[in-house]
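Open the model in your viewer and keep the selection tool ready. We will go stop by stop.

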Amino acid sequence: MDLKQKRVLVTGACGTVGRELVRQLLEQQQAGELIALDNNESELFFLEQQFSEYTQTSFFIADIRDRDRLSDKMKGIDWVFHTAAFKHVLQCERSPFEAVQTNILGVQNIIYAAIENNVERVIFTSSDKAVNPTNVMGTSKLMGERLITAANSSLRGERPVFASTRFGNVLGSRGSVIPIFRDQIRHGGPVTLTDPEMTRFIMSIEEAVRLVIDSGNMCRGGEVFVTKMPAIRIQDLAEVMVDNLAPIYGREAKDIEIKNVGHQPGEKLYEELLNQEETRRSWELTRYFVVFPAFREIYRDIDFEYPELASKEVTSAYHSGTETPLSKTQLAAFLEKNKLLKPE
């Protein structure tokens, strides 16, 4: 779908995903108009300076807890990409109701504002941690997905169309392990692992955002799009980063210890993007799985059709522990391609 004639709004514009969304929407999609919202005043100022040449863009301080502010900024908007959220597991555990107010009530405010303004499409960016959640952050993200799915059931017209997109670790983002390992290597180690057998899905920020935009093009209403991603062993990631970054920081790779420190509370050995229960209501596309509502009979009757349909049967859960991980050579090539083997 051509976004050149569309007016687009991005929440959480100063976050890793939000910032890249702004960049791609302006530089690659050439959106007709873009409204960027965030509650981080300083970062919003710097973001506006970065994209000052784009006259069709406006940057506003706003909090997704403020429904009236959201409704005001959605006037005339066609597409909404909702990326604003609390994402750090430990902080959400310490302040669970803050996570509820932002990650759950904030999503509901987005829904209200979109319906009030007859927005065309709303895409919610979810997380692997929403699958079989073991912590507050994951639980709040799962509830966000369910609110987005349920929003389609109360509509009396054809819009807005609401959908979610779920992906795993975006390497290099603020919440990823890359900056942590890099800093540990710079200081001479040790590089800390919680379990040498731990696996994760990975993708670059550019690819993650490109697939978020694709979800907006494909969605019919109420689905969760699960992005297919390569898997890695975290032990391999640590070793590849030590081998490549230690010389840059004037150190010998053999002198940097990789230390196992044990599991952290709420941490999984592998990462799940699609659980076994969801397979019964999922289709497989070339680059995605599509998860349909669990209680489909209570929602609107929607004609779900997608390009690049691979199968209407999904038999296995999709988690990093059962996928063949990248070799260390492949992983190094991935990191090099995405400029992650360089000092900050």
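**Stop 1: the cysteines.** The count of disulfides here is 0. A disulfide is a pair of cysteine sulfur atoms within 2.5 Å. In general, a disulfide is a covalent bond between the sulfur atoms of two cysteines. Select C14 and C92. The closest cysteine sulfur to that of C14 is in C92, 19 Å away, which is too far for a bond. C14 is also buried, at 3% relative accessibility. Buried means under 20% relative accessible area, exposed means over 50%, and partly exposed lies in between (1.4 Å probe, protein chains only). Now pick C219. C219 is buried too, with a relative accessible area of 2%.

Before going on, a word on the ground rules. This is a predicted model, in which local features need pLDDT of at least 70, side-chain atom pairs count only at pLDDT 80 or more, and totals for chains, interfaces and linings use all residues. Residues are numbered from 1 along each chain as its sequence is written, and side-chain values use heavy atoms, leaving out hydrogens and water.

**Stop 2: A36.** Select strand β2, residues 33–38; A36 lies in it. Helices (H or I, at least four residues) and strands (E, at least two) are DSSP runs, numbered from the N terminus. Is A36 buried or exposed? A36 is buried, at 0% relative accessibility. What does A36 touch, leaving out residues up to four places away in sequence? Show V10, A13, V22, L44, S58, F59 and F60. Contact means heavy atoms within 4.5 Å. Then draw a distance from A36 to T11. They are 25 residues apart in sequence, yet their C-alpha atoms are 6.3 Å apart in space.

**Stop 3: Q30.** Step back to the loop between α1 (16–27) and β2, where Q30 sits. Its phi is near 55°, a positive value in a residue other than glycine. Most residues other than glycine have a negative phi, and most peptide bonds are trans. Q30 is partly exposed, with a relative accessible area of 41%.

**Stop 4: α5 and α6.** Two packed helices are described by the angle between their axes and the distance between the axes. Select helix α5 (residues 96–116) and helix α6 (residues 136–151): their axes come within 9 Å and cross at roughly 15°. Axes are lines fitted to C-alpha atoms, for helices over the stretch in contact, and angles run from 0 to 180 degrees between N-to-C directions. The two helices are therefore roughly parallel. Angles under 35 degrees count as roughly parallel, over 145 as roughly antiparallel, 65 to 115 as roughly perpendicular and the rest as oblique. α5 passes α6 in a right-handed crossing. A crossing is right-handed if the near helix is turned clockwise from the far one by less than a right angle, and left-handed if anticlockwise. Show side chains for the contact. From α5, the residues include A99, I104 and V107; from α6, they include M137, M143 and L147. The contact divides into 11 nonpolar, 4 polar and no charged residues. Ala, Val, Leu, Ile, Met, Phe, Trp, Tyr, Cys and Pro count as nonpolar, Asp, Glu, Lys and Arg as charged, and the others, Gly among them, as polar.

**Stop 5: α7 and α9.** Select helix α7 (residues 178–186) and helix α9 (residues 234–245). They pack at an angle of about 45°, with their axes 10 Å apart. That makes α7 and α9 oblique to each other. The crossing is right-handed. I178, F181, R182 and I185 of α7 meet I234, L237, A238, M241, V242 and L245 of α9. By class, this contact has 9 nonpolar, no polar and 1 charged residue.

**Stop 6: α9 and α11.** D236, L237, E239, V240 and M241 in α9 meet K328, L331, A332 and L335 in α11. The classes are 6 nonpolar, no polar and 3 charged.

**Stop 7: G189 and P190.** Find the loop between α7 and β8 (191–193), which holds P190. A cis peptide bond joins G189 and P190, with omega about 0°.

**Stop 8: D214.** D214 is buried, with a relative accessible area of 17%. Setting aside neighbours within four places in sequence, D214 is in contact with R287 and Y288.

**Last stop: E308.** Go to the loop between β15 (288–291) and β16 (309–311) and pick E308. E308 has a positive phi of about 60°, although it is not a glycine. E308 is partly exposed, at 48% relative accessible area.
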